[in-house]
Amino acid sequence: MNGEFGGGAIPLTFGDHYAIRLGAGAVHDSRMHYGVAVRRPGPPPTPEELCELVAERVRVQAPALGYRLAGRGRWARWEPDPGFDPACHVEFHRLPPGAGVHQAVLEAMRVRPLSWDRPLWSLMVLHADSWPEHVLCYRAHHVFQDGMGIAGAARALLGGETLPAPGGGAAYWRSPGPARRALADLRRLAAASPPWFTARDSACDGARESARDGARGSACDGACDGACDGARDGARDGARDGACDGAGGKVHDGAGGRGRDGAGGRACDGVSDSLGDRAAGDLRLEVVSLDLGPFHAIARATGASVAQIGLALVAGALRAWNSPTCHSPTCNPPAWNLSAWPAGPADPANPARTAHPTHAAHPADLANPGEPVVALPVGLCGHRQHTGLGNHTGLLPMALPCAEPSPLARLARVAEQTTIKRIGHARQAACTLYDLPAGLAVPLLRLLSPLFRKATPSRLSVTAVPLPKELAAQGEVFAVPGLPPGLAGMVVIVPAGPSVTFSAVFDPRVSRSEELLGLLRKELTELHAQATR
């Protein structure tokens, strides 16, 4: 994004401006928060230890985490936070016995707003007296970072990676391409999504809501201790900078930090009941981990990547989830054409690659009209060049091949739509938009934003974020997706260490959402059997 600012400030990218416009329509700002969590054995670090760690890592390994958002509209920019206080980015959440780990992390992310007067991230610690473990979760606002930036920041804070310092400008891989391709992709992604889920029966709402309230009450009552809570009141009163968004109160005192209490915020103390907030607590996080071994066997047989295999499994799970033979009384499958796609020519050199669709002139021609189109984020720079500040991704439209009955053919159709050439075209299209001056990009996004903030969430998003073995060696790693306006569901695939973890959140309108990820294991077994026979 073109623009010059002094004092070490950095102009926002097109993706940053897009995220700001998108988040303006969110039901709750926390739906724009994303996280990476690690379950680690043993007791949690102390507030003093964690504040010292954050201060050192931000100073040496992740300087981008010291930047905050300033200005508005075309003059918006990232600038160093002169009053950066590590204690305001550390949260401690104490959970009662029996709390589910994954849902507890989601609820903790939703209970505390991020202050727009500070860098838009925090490092959360979840612990309980009865737990032999604790959870560390790095979460950030989508305006502040894209998926690669969040992964990089997690690697820097919780691992040993060092991110480049902001200010040099991102070195994108591709030169700009035709503007018409970028606009065509945006138009396709903004189009109404074919139905991919069964809407929840309104007659069941009361029973489901009561069950959810009971579960949340048992898991969350008294969940957060006085060291970190009390932020909700400040947010509710409209004080976006109130309540010392991260550590507050006792953590502040224990760390010896002054914070910004004198700048309009107030110390965090007392117990918050925010986990029961309807606007923040209506999402459910589902997590399933699969062994990496079958993925590698399928990759050797087909040449597909782990991410492509994960996408094919999601398509297969969606198909099974909406099967006319499902046993749920609320099952009303989308009107997909469940006939086989025409097979392409066989590959005599590799029988495992014989069941693939006929090549089309344009990848959009590979889509069945009833199949959901997802937007795959495509990084514009390598992870070693990503500073961890801002959004540097394009979007690659891809139809999930739910109409294809063969697991191997589903994988082939995914591979057809995610070739190196197609990814390169998506990068070129994105660079066209990222090269727009802010004076043109901001009003353009203002005009387009209604298309991406539909009143009724209907679209599905699927993405893959690889993480290093270093994090996986610490314990179970899982993603905590957000759910921006327009999305009814988001699935994040995380290859890390010996497992591939699928994390998903769904809008409360989606019926039987808790069943979807449970189908992935069967889909992996079937695909592995076909690919390796």
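This is a predicted model: local features need pLDDT of at least 70, side-chain atom pairs count only at pLDDT 80 or more; totals for chains, interfaces and linings use all residues.
Start by selecting helix α10, residues 292-302. Helices here are DSSP runs of H or I with at least four residues, strands are E runs of at least two, and both are numbered from the N terminus.

Residues are numbered from 1 along each chain as its sequence is written, and side-chain values use heavy atoms, with hydrogens and water left out.

Now look at both ends of α10. Just after the helix, glycine 303 has a positive phi of about 80°.

What covers the buried residues of α10? Show β8 (284-291), α11 (306-321), α12, β14 (499-506) and α17 (520-532), which are among the covering elements.

Keep α10 and α11 on screen. Their axes (lines fitted to C-alpha atoms over the stretch in contact, with angles from 0 to 180 degrees between N-to-C directions) come within 10 Å and cross at roughly 105°. That makes the two helices roughly perpendicular, a label for angles of 65 to 115 degrees (under 35 is roughly parallel, over 145 roughly antiparallel, the rest oblique). From α10, the contact uses Leu292, Phe295, His296, Ile298 and Ala299; from α11, Val306, Ile309, Gly310 and Leu313. Contact means heavy atoms within 4.5 Å.

Next, select serine 406, in the loop between β10 (393-399) and α12 (407-417). Is serine 406 buried or exposed? It counts as buried because its relative accessibility is 17%. Its side chain makes a polar contact with the side chain of glutamine 530 (3.3 Å). A polar contact is a pair of N or O atoms within 3.5 Å; within protein, one must be able to donate a hydrogen and the other to accept it, and residues adjacent in sequence count only if both atoms are side-chain atoms.

Finish at isoleucine 150 in helix α4, buried with a relative accessible area of 5%. Beyond its neighbours within four places in sequence, isoleucine 150 contacts Tyr34, Val36, Tyr138, Ala140 and Gln145. Its C-alpha atom lies 7.2 Å from that of glycine 35, 115 residues apart along the chain.

Key
Buried means under 20% relative accessible area, exposed over 50%, partly exposed in between (1.4 Å probe, protein chains only).
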